[in-house]
Amino acid sequence: MEFITSVSRIVLPVITAVLLIKCILALWLGHPKEKTYGYITDMLSGERYALNMWETSIGRSASCDIALSYDSISRVQAVITRRIDGWYIYDTLSKAGNKINGEKINKKQTVENGDIITMGKVRFRFEIADDPVIRVGKQKKKAAASKAQQRPAGDAQRAQASPGTRTRTAPLQTPPPAQSGRAKRPDSYTVETPKAQRKNVRRITQNCLVNKDTGEIFILCGNEVKIGAGRRCDIRLTGKHAEKLHAVAVLYEDGWAIESAGAGKTLLNGRRVTAPQLLFDGDIIALGDERLYFIVKTKTVS
């Protein structure tokens, strides 16, 4: 018995030390390394700020990824995003406004290496290195655009070769010479029959916020939808932790986005919203105790 006790006094500390070393190594090796995609350089102070995320919020608020102390800059001034086809800067409806090379940004604008971004009264130089992901994305986008331009010509040739067959043309911005000069909607297509009968088909898209607990469906319309417990809100919240104006859904060029408007927490798919975030079909917005699902519905009307 004494032998077992003496051995355990030696073996157990050794096993504990080995396990501790393994845990430390696992945490150290498994920690993801931060990758820097580019920089913005303050041309007044010379300070460089790294862009190491796909979306970087910039403003005077401490919750922004890059917090600045200039009075001419709004709390949330802008968001710089890295997409598969390049870099974009989004204006977050700031009072000071944003410019690229002296031209004012309208909602969003592409930004290239060496561009001068003016936020309020402060100028920044945008610097990025050659990104293979973006390079491949731009090549794919160009290839898709060239295919889209070649496809209408091929369809027109097939229609002329066999006028009695049924063909389905791709969406065109301007009608082909054989059709009437009347402009067509971009989301419509023409079905040609031997009797030359034509039907216009429209696809109507509705963006909704659905409360699955109560079954309520709120159709998003206009340019701005206020969400909160206040009487003037377009979507009323009844939860205990709901603010009078909790969040705002804003229609941008790329689609609807959610913005936090009050002191309460606004989560998008489990992550806190500190800057405008675009909404996609199936996204879950948590506002206090309530959850709203962003649903995109498409109807076909002939």
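User: Which residue lies over the face of W54?

Analyst: The model is predicted, and the answer rests on its computed coordinates. The residue in question is placed 4.3 Å from the ring centre of W54. The residue lying over that face is R82.

User: Over the ring of which residue does the charged end of R48 sit?

Analyst: A charge sits over a ring if CZ of Arg is within 6 Å of the ring centre and within 35 degrees of the ring normal. The charged end of R48 is 3.9 Å from the centre of the ring in question. That ring belongs to Y39.

User: How are the rings of W87 and F126 arranged, stacked or edge-to-face?

Analyst: The count of aromatic pairs comes to 1. In this pair, the ring centres of W87 and F126 are 5.6 Å apart and the planes meet at 70 degrees. Planes over 60 degrees apart count as edge-to-face. The arrangement is therefore edge-to-face.

User: How many residues apart in sequence are the parts that the pair of W87 and F126 ties together?

Analyst: W87 belongs to strand β6, residues 86-91. F126 belongs to strand β11, residues 122-128. The pair therefore ties together parts whose separation in sequence is 39 residues.

Definitions and conventions
Residues are numbered from 1 along each chain as its sequence is written. This is a predicted model: local features need pLDDT of at least 70, side-chain atom pairs count only at pLDDT 80 or more; totals for chains, interfaces and linings use all residues. Side-chain values use heavy atoms; hydrogens and water are left out. Rings of Phe, Tyr and Trp (its six-membered ring) pair if their centres lie within 6.5 Å; planes under 30 degrees apart count as stacked, over 60 as edge-to-face and the rest as tilted. Helices (H or I, at least four residues) and strands (E, at least two) are DSSP runs, numbered from the N terminus.
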